[in-house]
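Subject: The structure we talked about

Hi,

Here is the structure I promised to pass on. Have a look at it first, and then read my notes below.

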Amino acid sequence: MEDTIDMILLHKPTECSYQVSNSHRLTWIVTGIASGVYGLWALFVLPGFRTVPWKLKVPFLPSSKVQTENIMKLLRGRKGCLVDLGSGDGRLVLAAASVGFQSTGYELNPILLSCARAQAWLKGLSSTQASFVKEDFWKANLSSYNNVTVFLAPNVMETLEDKLSTELPYDARVIVCRFPFPHWLPTCSEGCGMDQVWAYDMQSLRKQILSKNHHIWLLSLCKK
Ligand SMILES: C[S@@+](CC[C@H](N)C(=O)[O-])C[C@H]1O[C@@H](n2cnc3c(N)ncnc32)[C@H](O)[C@@H]1O
């Protein structure tokens with residue numbers, strides 16, 4: 001009999017455990033609704049985002065600290081102008097500006113832009129050191145940047161390969177986070193898992209493209 005009472009007591013949820021699980025559920029529901037509303041607002045309502053084609057839309061997700069450190073490692077020894085495509089709250093632009101790059105961030109979300117500009121101001125960075133442009137980077141000409149950082153989404157990487165390979169100068173380096181380019185071979189990489197970043201140098205990419213085209217040309221000659 002005592003055993004049975006013990007079993008019942010052990011398995012019966014207390015009022016306190018009900019409260020804890022209910023408050024957890026409530027937190028999840030509120031977070032879910034808030035992220036959903038924010039996502040829809042950011043993707044459909046913001047004036048800038050409405051003009052971005054559906055297949056190229058990318059929501060905000062900030063770079064982790066380790067990811068940012070990995071990017072900075074792959075930028076070591078380089079200088080000049082840097083652009084972050086979709087700069088979010090500006091963390092990559094600010095990190096690059098603090099080591100001497102003339103950094104620019106393209107961002108369409110006005111709240112993230114204000115946050116980034118406020119942080120640049122608080123850090124005492126001038127507009128030459130760190131600037132933020134409210135513009136769609138797909139429509140921008142990127143030919144003046146020799147350093148490019150990218151943390152976007154897998155669905156846009158192929159289209160971005162085409163844009164960057166036609167616009168970037170010969171000495172440019174592109175550093176991408178989490179989602180590598182589908183066709184390009186990286187020069188080097190840093191970190192692992194979610195924080196892995198890859199560096200692509202235009203010089204070696206153009207050689208790859210040339211040798212691929214040469215190979216195709218030779219094959220077509222053989223077939224004739
Ligand atoms: C994954 S977040 C990365 C944010 C930041 N680069 C970082 O690493 O923390 C992508 C950002 O790109 C912005 N974005 C997406 N498409 C854009 C576009 N076509 N032009 C400008 N910004 C864009 C989004 O608003 C979002 O803030």
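Among contacts between residues at least 6 apart in sequence, what percentage join residues at least 24 apart? In this protein the figure is 63%. Please keep in mind as you read that this is a predicted model.

**The overall picture**

The protein has eight helices and seven strands. Of its 224 residues, 29% are buried.

The seven strands make an open sheet with mixed pairing, and their order is β3-β2-β1-β4-β5-β7-β6. Since β3 (130-133) and β6 (188-190) stand at the edges with a single partner strand each, one side of each has no neighbour in the sheet. From one strand to the next, the twist averages 20 degrees.

**Walking through the sheet**

If you start at β3, you will find that this strand runs parallel to β2 (residues 102-106), with four bridges joining the two. Across this pair, Gly 105 is opposite Phe 132 of β3.

Further along, β1 and β4 are also paired in the parallel sense, over four bridges. Here Leu 85 has Val 150 in β4 as its bridge partner. On to β5 (residues 173-177): four bridges connect this strand with β4, and the two run parallel.

Strand β4 is worth a look from both sides, as both of its faces are covered. Asn 147 and Thr 149 are buried on one side, and Val 148 and Val 150 are buried on the other.

**A helix on the inside**

Why do I call helix α5 (residues 91-98) largely enclosed by the rest of the structure? Seven of its eight residues are buried, so the helix has the rest of the structure around it. The buried ones are Arg 91, Leu 92, Val 93, Leu 94, Ala 95, Ala 96 and Ala 97. Their cover includes the helices α4 (65-74) and α6 (110-122), along with the strands β1 (81-85), β2, β3 and β4 (147-150). After α5 comes Gly 100, which has a positive phi, near 105 degrees.

**The nonpolar core**

In soluble globular proteins, nonpolar side chains tend to be buried together. The largest nonpolar core in this model has 42 residues. Those with the most contacts inside this core are Val 93, Ala 96, Val 148, Val 150, Val 174 and Ile 175. Helix α5 supplies the largest share of the core, six residues.

**Around the ligand**

The ligand has 22 residues around it, and the closest are Phe 60, Ser 63, Gly 86, Gly 88 and Phe 151. By type, this shell splits into 13 nonpolar, five polar and four charged residues.

**One residue to look at**

Most residues other than glycine have a negative phi. Arg 178 is not a glycine, yet its phi is positive, about 65 degrees. You will find Arg 178 in the loop between β5 and β6. Is this arginine buried or exposed? Arg 178 has 20 other C-beta atoms within 10 Å, and therefore counts as buried.

Happy to go through any of this with you.

Best wishes

Key:
Residues are numbered from 1 along each chain as its sequence is written. This is a predicted model: local features need pLDDT of at least 70, side-chain atom pairs count only at pLDDT 80 or more; totals for chains, interfaces and linings use all residues. Two strands pair if DSSP finds at least two bridges between them. Axes are lines fitted to C-alpha atoms, for helices over the stretch in contact, and angles run from 0 to 180 degrees between N-to-C directions. A residue is buried if 20 or more other C-beta atoms lie within 10 Å of its own, exposed if 12 or fewer, and partly exposed in between; C-beta atoms are placed from the backbone. Two residues are in contact if their C-beta atoms, placed from the backbone, lie within 7 Å. A residue is near a molecule or strand if its C-beta atom, placed from the backbone, lies within 6 Å of it. Ala, Val, Leu, Ile, Met, Phe, Trp, Tyr, Cys and Pro count as nonpolar, Asp, Glu, Lys and Arg as charged, and the others, Gly among them, as polar. A nonpolar core is a set of buried Ala, Val, Leu, Ile, Met, Phe, Trp, Tyr and Cys residues joined through C-beta atoms within 7 Å.
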